[in-house]
Amino acid sequence: MATSRAKPSDCKLENVQALELEDKRQDPRYTGLVVSENMLMVVDGIVHKVALHSCHDGRLLATSDKLQSGTQDICVVKGTDILVMVTLDNGKLEILSVESTVEYVAIKWVRTLDVRKGFDKCDGVRPLRLWGKLVVSGVKCYMDTREEWICWGIVSHLDGHVSETHRICKGSGWSYLATSPDEATIYISCYADQNSPNNGVYAFGVTDGRQKFFYQHPDLKCPQGISVERKGFVYVCNWIDPPCIHQLTKGGELVTVPRKGIPPWPLAIYWDAQQEKLFVTNHKSRKVRRFHPLNNDPVLPAKVLNMDTRSLSMYNEALKDGKEKVYNIRVMVVGQYGVGKTTLIKRLLGKDINISERQSTEGIDVHIDCCKVSLATAEWTTQDENAEKYSRLQRLVKFLNERVPKQDANGKQKSDAKMYESDDGSHADQLVDQPVQSKASIVRSNLHHSSPQSQLPSKDTSKQEPSRAEQKKDAVMEIFHLVNENVGKLEKSVVEYAALAMWDFAGQYVFYTTHQAFLTSSAVYLLVIDLNQQVTDLVKDDCFLDVEGIKPCKVHDLVEIWFNSIHYCAQSTETGITPVILVGTHVDKIPEKSRQNVIDGYYKTICQILEDKPSKIHLMGYIAIDNTKCDPKLEELKRKIFELASKQPQWGEEKPARWLPLEQAIMTLKHSGVMVAPLSLIEEINSMGSVRIESSEELNLFLKFQHEMGTILFFSVEGLREKIVLNPQWLIDALKSLITAEMFIRSNPAITSTWYEFKEKGKLTQELIDAVWTKEKNPEFYNNKEHILLVMEKLNIITKTRSFSEDGKEVEKEDYFLAPCMLRQEMPKEVISPKPHHQMESSSVLCYVFIEKFLPPPIFHRLLAACLDCWPIAKEGSQHLIYCGCCVFRIDQSHKLTLYTRNYIIFARVTRVDKRMPSSKLCISVREFIEEMLSKIINYLYHNLAFECCIRCPESSEDCLKGVIPVSRLNVSELKCPFHGHHLILSRELKKFWFHAEESQGNEREYSVSSLPPNLQDKKPSERELGRLSMKIGKECVLLGLELGITWVDIQQIQMDYRYTATQCLMFLYKWTLQSRDRATFRNLEKACRSAEIDLDIQKSISITGKRASWPPQEKLSKQPDDQHLQNICHKIGKEYVHLGVELGVPVSRIEQIQMEHPHDVPTQCFKILREWRQNPARQATFSCLEDAFYCIGMDPSILDKCVK
């Protein structure tokens, strides 16, 4: 439950005025309202009509005819022609159109749509009432069902056809709902009755149905209308006792509870983004209140609003010490290979161009602060590095001037403020008691006061890498130099500018996967196309999308890929729209007479291609440019970029001013060639001044903020947080140096085959890394090799693979990395279309269908990386079964998983190789793992990208995309196949591997009779008994772990920590006893073994007794072994040492602690475990006990004889 962080306040919403609507009825009940085109539309739930009023004076413009009873809410379907949808409580929609001319306004009824049958696809739900929201391809309707489910479906407002229905959440008492601007979250007000504990505000994920928060408050007893504004704040009305509006963050934290001006009985609420006002209706009143949020709250960056509550609180606290408004323009230039993107950027930046030279971009080229744009005139001014420093300096000195204290009674100023302090304790800037002067001269005089030349950094002309002390000194002292030299000039500068950064994305398809991590909503995109090409022309590039290998892509295919990538990767969480300008090049090659017709026709064709796509909303116009000269159209393009950037929500965001010095220091390090900085260096630089970040927690927030803004790469996890990548492009350069190393490799024949293996199979060996990242040619890569690889692993660009050892009992890491985005090897057809085999049985084929028929390649690549980190690649002989768009994994010794993608669908099938049917528990765990990984990848990289879980019809061929049936339709016992009408589909047969809820009840009955003696059934196994059992279970231990409720994540971790199968099994059983507690009994273990089809005699396995050997004399058996004896034993035992410790009575928790204290040192671990056994006075630590333990774990006791001698 969300809790309040702020006391109720009356200062957050300003009551603009009450707008009295012209209405003959004295007590209307406006249950829904919407504002569009300066018209306010309300639904009267008593007379069942829609009325249009002027937003200026409330006069009545038009009224609809009487609609069906049960009117609920209203929304605008189409903003231009103003198509209106009214939802009814009987599962129907009323579609109305608004005709507006200079002379009159009219509301006309268009049609009534009955969409109940369509929503019946949602697991047989029975519709009750509807809400709706605008999407491009239709109306996304949200339905409250009689089963109290909230569902959604795409409804065509032309014929009422319902497609792609999904269930979200279940509850009772739903009142009103609203969605976030990106439709990733649905907010629902719940009012069951006045005293219900369920009253409050719920938030659920639209795609996965997971509850994000539940908000309750003593003053929110009767929640009704709910709305979301563009910054993500949620407003909800409390109907009575007391009438108020709760303002929440998107995370469910209370901001304030405004009461002033709130009318009695507030009912419906609507946020109008155009007017930036909140409209509120109240029960039985013709007045509509309008509220305007006051501007005294900081304009917080969206990246901060998405952080946790503690980070948000720290950010607000830092703003109190001083803040600055930030105006940034980020321009992302994308498009296919060779269309003139780099030349266009040079033209925009006013750089010299040799049009005869042509060199393609590789990776991403970033031009940061290369140009500034006047906020007053929108004029672009190119700036060099010095001008860039001057611009940042202007912001810094402005902040320092503001920190100069006010004068005291004697006309003097007192302050202990200093800018930075050098290592010897002297100040680089200190304000001392002196007469009142101008702020600039105070700063200047005190800089001179404490800046001996001995402190200034000397210029090092050698090529040696600067030391840590020199890096710190350079970063700090450059700020002193700049302030000292320019503070007088800065007083005169009053013009404000926006900083501009240009990102040039390589057009080659091989780089597309890495591009996705850098796409952002806080940018203006230029999609560059070659007007000399036809949209149906083939692109001269190798595109590897799925199992079909190389695909000949056409120009319009790549245009769609870029629009979809921008739509789903960079869709703004505040406005929902990230602007894209279509820029045509090579205009000079089109005959002048037909030039304009060709340009207009090209744009029209692109619009037709995007017509039914959600991504079309991003297209903001087109401009044709002649890159061979300084085309006047360039100025038009510049103005358009500025216009679109200034409308984005991040424009004018406020940042803590005390972050500026450290920000400047990081930029200095970056410009001096330092690409990776230790965290400790950043901490030292920050600690040298009084204008600094106050705590390590705030420093962590600063670094997280810079990471979210794309300025640096910082991961706050152990192993990665110690180093910070100062230039994200550098990471791309590292991968680029490997991808484009062909010319270098040709001169180094020794690793030619290694490079081609990387190019075709994605196999990245240490040999190739060492050959390309040499100290002479790439010193920065060489010095930070391990960190680069760790970051690439974190971003799922590369991953370590694992394999079973030859004996099939151990899992070990391979000595190379795998880059899924580099896989090009074509897959043999028999991999996904295996021939029938008498020893192999397969599950049904699980399918993940992406609803918008767009599957970004990085999703499958990252899913593949996640799976590679969990399971080894299967082999056929010496050949690893991994190809372009496909991989076969070895889940355990008897199960294999085939995972592949085709077009917009991901397929999964589990095969068992020992003549038995695949384990249902294992299949379910595989499905849950895949869905969890897909959700994480989508949440990290994309917005509002939904997929549906389906199962393929057994009659469909492997290359058929149409034979997939949504799981939501398999809620009946049988149905006629919608694709092959000649046969019936038995739902239970299709679902039994992946969803086995029905079988579980039968299994409970089947296993209700135990073969164990009564005294053993409800007994909890001891750790010694678990050790003995684990030695008998063998290769099926993974299946047993799944049956016992161990998650894939825990199984994966245990397999990585313990290579020996029996030890893994012991740890599975031990974790089960910790999780299940009282339910961890022999009876339940027996059930799990039967479900996993493991033939285990539990009573016999735990009843092993020691067998007397003849090796030592009787007097030797009763003696205690000394340290030398134990050391000799440790060198003879090997991998069974954990089981020996457990058999001797050493607790598993203590064994784990010893392993953590001595990692990777098995002899020491074994010695410590045996000493732990010997030192415990409760145990008889004799050779006799050791002999019995050896026998119980299956080891030859005669080993002891050799150890003693």
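A residue is called buried here when its relative accessible area is under 20%, exposed when that area is over 50% and partly exposed in between, as computed with a 1.4 Å probe on protein chains only. By that criterion Tyr 187 and Phe 213 are both buried, and 58% of the 1205 residues of the protein chain count as buried. The structure is a predicted model, in which local features need pLDDT of at least 70 and side-chain atom pairs count only at pLDDT 80 or more, whereas totals for chains, interfaces and linings use all residues. Residues are numbered from 1 along each chain as its sequence is written, and side-chain values use heavy atoms, with hydrogens and water left out.

## Overall make-up

The protein chain holds 38 helices and 54 strands, where helices (H or I, at least four residues) and strands (E, at least two) are DSSP runs numbered from the N terminus. Taking a contact to be heavy atoms within 4.5 Å, residues 24 or more positions apart account for 63% of the contacts in the protein chain with a separation of 6 or more. One example of positions separated in sequence is given by Leu 500 and Thr 382, which are 118 residues apart along the chain while their C-alpha atoms are 9.6 Å apart in space. Leu 500 belongs to strand β31 (residues 497–505), and this leucine is buried, because its relative accessible area is 0%.

## Nonpolar cores

A nonpolar core is understood as a set of buried Ala, Val, Leu, Ile, Met, Phe, Trp, Tyr and Cys residues joined through side-chain atoms within 4.5 Å. The largest such core has 166 residues, of which Ile 859, Trp 871, Phe 889, Leu 899, Ile 906 and Trp 1048 touch the most other members. Helix α22 (residues 920–941) gives the most to this core, with ten residues. Apart from this core lies another, of 32 residues, among them Met 675, Trp 755, Leu 768 and Leu 795. Returning to Ile 859, its contacts beyond the neighbours within four places in sequence are Phe 850, Ile 906, Leu 934, Ile 937, Ile 938, Tyr 942 and Leu 945.

## Aromatic pairs

Rings of Phe, Tyr and Trp (its six-membered ring) are taken to pair if their centres lie within 6.5 Å, with planes under 30 degrees apart counted as stacked, over 60 as edge-to-face and the rest as tilted. By this rule the count comes to 21 aromatic pairs. Tyr 187 and Phe 213 form a tilted pair, with 6.0 Å from centre to centre and 40° between the planes. This pair links distant parts of the chain, since Tyr 187 lies in strand β15 (residues 185–190) and Phe 213 in strand β17 (residues 211–215), 26 residues apart. The ring centres of Phe 850 and Phe 947 are 5.7 Å apart and their planes stand at 45°, so this pair is likewise tilted. Here, too, distant parts of the chain are linked, with Phe 850 in strand β44 (residues 846–850) and Phe 947 in strand β51 (residues 947–952), 97 residues apart. Both Phe 850 and Phe 947 are buried. Elsewhere, ring pairs link Trp 174, Tyr 202, Phe 204 and Phe 214 into a cluster.

## Two open sheets

Strands are said to pair if DSSP finds at least two bridges between them.

| β2-β3-β4-β5 | antiparallel | β2 (30–36), β5 (60–63) | 20° |

## Two helices

The expected span of a helix is 1.5 Å times one less than its number of residues. For the 13 residues of helix α14 (residues 696–708) this should give 18 Å, which agrees with the 18 Å between its end C-alpha atoms. Among the buried residues of α14 are Leu 699, Leu 701, Phe 702 and Phe 705, and the helix is followed by Gly 710, whose phi is positive, near 85°.

In helix α26 (residues 1023–1033), the buried residues include Leu 1026, Leu 1029 and Ile 1033. What covers the buried residues of α26 includes α27 (1037–1043), α29 (1061–1076) and α37 (1183–1192). Gly 1034, with a positive phi near 80°, follows α26.

Conventions. Axes are lines fitted to C-alpha atoms, for helices over the stretch in contact, and angles run from 0 to 180 degrees between N-to-C directions.
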